[in-house]
Amino acid sequence: MNNERYLKLKKDFIVLYLARNGIMTFLITLCSFGFDLSKYYQIKFIETIPYLFSNNIFTFMYFCLVWIFNYLLFELFKILSDGYDESHHHTLKFMYHEHNYSISWMMYVVMLIILILIQVIDLPTLFHLDAYLMFGFMILRSLKQIYKKRL
């Protein structure tokens with residue numbers, strides 16, 4: 001009986017965790033599209049939401065595709081960083097306020113190289129802003145993991 005209840009609670013927690021990541025990637029996509037559309041139509045950021053969802057089907061589908069791409073990119077980052085953290089290669093370990101922390105610095109180097117490449121390559125503003133927000137979200141997630149795994 002308790003095992004079934006535990007499994008149901010664990011399943012509900014996983015669904016809530018995935019929904020949280022989906023909501024954050026939705027907000028990141030909304031911010032990047034809203035900023036880009038506000039520059040294109042020369043309107044306020046808040047006024048871009050009707051353009052995004054009701055202007056035409058192509059804008060809405062493009063928004064959905066970028067949102068799905070962001071979500072999959074974030075989940076792929078989580079899988080890679082969790083697997084990389086467990087291998088204990090290239091980790092920087094230090095102590096701060098009587099807690100031991102370890103950072104997999106190689107993931108940050110790869111993210112920095114990708115951000116430099118995005119900056120150098122001539123992409124639309126939408127993709128630049130979206131990449132910056134996504135990498136910021138990924139860094140916040142990895143900082144949360146560092147704090148969570150402290151000893």
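Predicted model: local features only at pLDDT ≥ 70, side-chain atom pairs only at ≥ 80, totals over all residues.
**Helix packing and one buried serine**

For the protein, the mean pLDDT is 82, and 83% of the residues reach 70 or more.

Next, a pair of helices. Two packed helices are described by the angle between their axes and the distance between the axes. Here the pair is α4, residues 105-120, and α5, residues 125-148. Their packing angle is about 170°, and the axes lie 11 Å apart. An angle over 145 degrees counts as roughly antiparallel, and α4 and α5 are therefore roughly antiparallel to each other.

Which residues in α4 and α5 meet? On the α4 side they are Tyr108, Met111, Ile114, Leu115, Ile118 and Gln119. On the α5 side they are His128, Ala131, Tyr132, Phe135, Met138, Ile139, Ser142, Leu143 and Ile146. Sorted by class, this contact has 12 nonpolar residues, three polar ones and no charged ones.

Is Ser32 buried or exposed? Its relative accessibility is 0%, so Ser32 counts as buried; the cut-off for buried is under 20%. The Ser32 side chain reaches the backbone oxygen of Thr29, at 3.0 Å. If we set aside neighbours within four places in sequence, Ser32 is in contact with Leu126, Leu129, Asp130 and Leu133.

Note on methods: Residues numbered from 1 in each chain as written. Heavy atoms only, no water. Axes fitted to C-alpha atoms, helices over the stretch in contact; angles between N-to-C directions. Helix = DSSP H or I, 4+ residues; strand = E, 2+ residues; numbered from the N terminus. Parallel < 35°, antiparallel > 145°, perpendicular 65-115°, else oblique. Contact = heavy atoms within 4.5 Å. Nonpolar A, V, L, I, M, F, W, Y, C, P; charged D, E, K, R; others polar. pLDDT = per-residue confidence, 0-100. Buried < 20%, exposed > 50% of the residue type's maximum accessible area, 1.4 Å probe, protein only. Polar contact = N/O pair within 3.5 Å; in protein donor to acceptor, adjacent residues only side chain to side chain.
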